[in-house]
Structure formats: C-alpha cells, structure tokens
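Open the model in your viewer with the sequence panel beside it. The stops below each name a selection and then say what is there.

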Amino acid sequence: MKSTGIIRKADELGRIVIPVELRNKFGIAEKDPIEIFVEGSLIILKKHEPNCVFCGKSKELSEYKDKLICRKCLEGLSNINIGSKN
C-alpha cells in the first residue's frame, strides 16, 4: 500500500475530510456513496459502484425488480429452461 503523506484528524463526530486531490483522482463527487471495508487493522474506503448481483461486474448493467444484472448473466438466465423435465 502506498502512503500519500496526507494526514487528517477525525472531528468530534468521527468525520474525516478526503483531500480534493484524492477525490479528483478517484472521481468522487459531492454526495457520491463511499463503501467502507475492514481488512485486518486497515479501514479501506472505495467509491461505490453498482455491480451485477451474480458476478459483481460493474459494466453493461440492466435493472430488473430493483436488482442489477450484467449482459452476460442476463444472457445466461435467458438460456435456463424453467419447468422443463429432463
């Protein structure tokens, strides 16, 4: 992991400010959702990107009943024979 050399203090509510240089670098705009992960003793922040509910892919997504499905998984689902007997 590469250090940026930037240090921020948490305020009385536990908030920290992500420096504008990092927000610009990662395309984070005001009110963008940020995911928080914990890995061992690390806290990891990541810009939230919607993903396919089946494979996790974040490109070529379609929505069905409030769920996101990528084109490849959608094609796979369309090949399922429902109610057929083998």
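How far is the sulfur of Cys55 from the closest cysteine sulfur, and in which residue is that sulfur? Select Cys55 and Cys70: the closest cysteine sulfur to that of Cys55 belongs to Cys70 and is 3.6 Å away, too far for a bond.

Before moving on, note that this is a predicted model, in which local features need pLDDT of at least 70 and side-chain atom pairs count only at pLDDT 80 or more, while totals for chains, interfaces and linings use all residues. Residues are numbered from 1 along each chain as its sequence is written, and side-chain values use heavy atoms, with hydrogens and water left out.

**Stop 1: the cysteines**

A disulfide is a pair of cysteine sulfur atoms within 2.5 Å. Across the whole structure, a search finds 0 disulfides.

Cys70 counts as buried because its relative accessibility is 1%. Cys55, with a relative accessible area of 46%, is partly exposed.

**Stop 2**

Helices (H or I, at least four residues) and strands (E, at least two) are DSSP runs, numbered from the N terminus. Two strands pair if DSSP finds at least two bridges between them.

Select residues 61-64, strand E3, and residues 67-70, strand E4; these strands run antiparallel and are joined by 4 bridges. Leu61 has Cys70 as its bridge partner in E4, and Glu63 has Leu68. The hairpin has 2 residues between the strands, and Lys65 there takes a positive phi near 50 degrees.

Stay on Leu61, which lies in strand E3. With a relative accessible area of 28%, Leu61 is partly exposed. Draw a C-alpha to C-alpha distance from Leu61 to Cys73: 9.6 Å, for residues 12 apart in sequence.

Step back to Glu60, in the loop between E2 and E3. Glu60 is not a glycine, yet has a positive phi of about 55 degrees. Its relative accessibility of 45% makes Glu60 partly exposed.

**Stop 3: the hairpin of E1 and E2**

Next select residues 34-39, strand E1, and residues 42-47, strand E2; the two pair in the antiparallel sense over 6 bridges. Between these strands the hairpin has 2 residues, and Gly40 takes a positive phi near 60 degrees. In E2, Lys46 is the bridge partner of Glu35.

From Glu35, go to His48: the C-alpha atoms are 5.4 Å apart, and the residues are 13 apart in sequence. His48 is in the loop between E2 and E3 and is partly exposed, with a relative accessible area of 34%.

Now find Lys31, in the loop between H1 and E1. Lys31 has a positive phi of about 75 degrees although it is not a glycine. At a relative accessible area of 76%, Lys31 is exposed.

**Stop 4: the largest pocket**

Where does the lining of the largest pocket get its largest share? That share, 6 residues, comes from E2.

A pocket, on a 1 Å grid over the protein atoms alone, is an open set of points where a 1.4 Å probe fits, with protein on both sides within 12 Å along at least five of seven lines; lining residues have an atom within 4 Å of a point. Grid points are joined across faces, edges and corners, and a volume is the space filled by probe spheres set on the points.

The largest pocket holds about 860 Å³ of space. It is lined by 22 residues, of which Thr4, Leu22, Ile43, Ile44 and Leu45 are the closest to its centre. The lining has 15 nonpolar, 2 polar and 5 charged residues (Ala, Val, Leu, Ile, Met, Phe, Trp, Tyr, Cys and Pro count as nonpolar, Asp, Glu, Lys and Arg as charged, and the others, Gly among them, as polar).

**Stop 5: Thr4**

Finish on Thr4, in the segment before helix H1 (20-25). Thr4 is partly exposed, at 49% relative accessibility. Its C-alpha atom is separated by 9.2 Å from that of Leu22, 18 residues apart along the chain. A polar atom of the Thr4 side chain lies 3.1 Å from the backbone nitrogen of Ile6.

Technical notes: Buried < 20%, exposed > 50% of the residue type's maximum accessible area, 1.4 Å probe, protein only. Polar contact = N/O pair within 3.5 Å; in protein donor to acceptor, adjacent residues only side chain to side chain.
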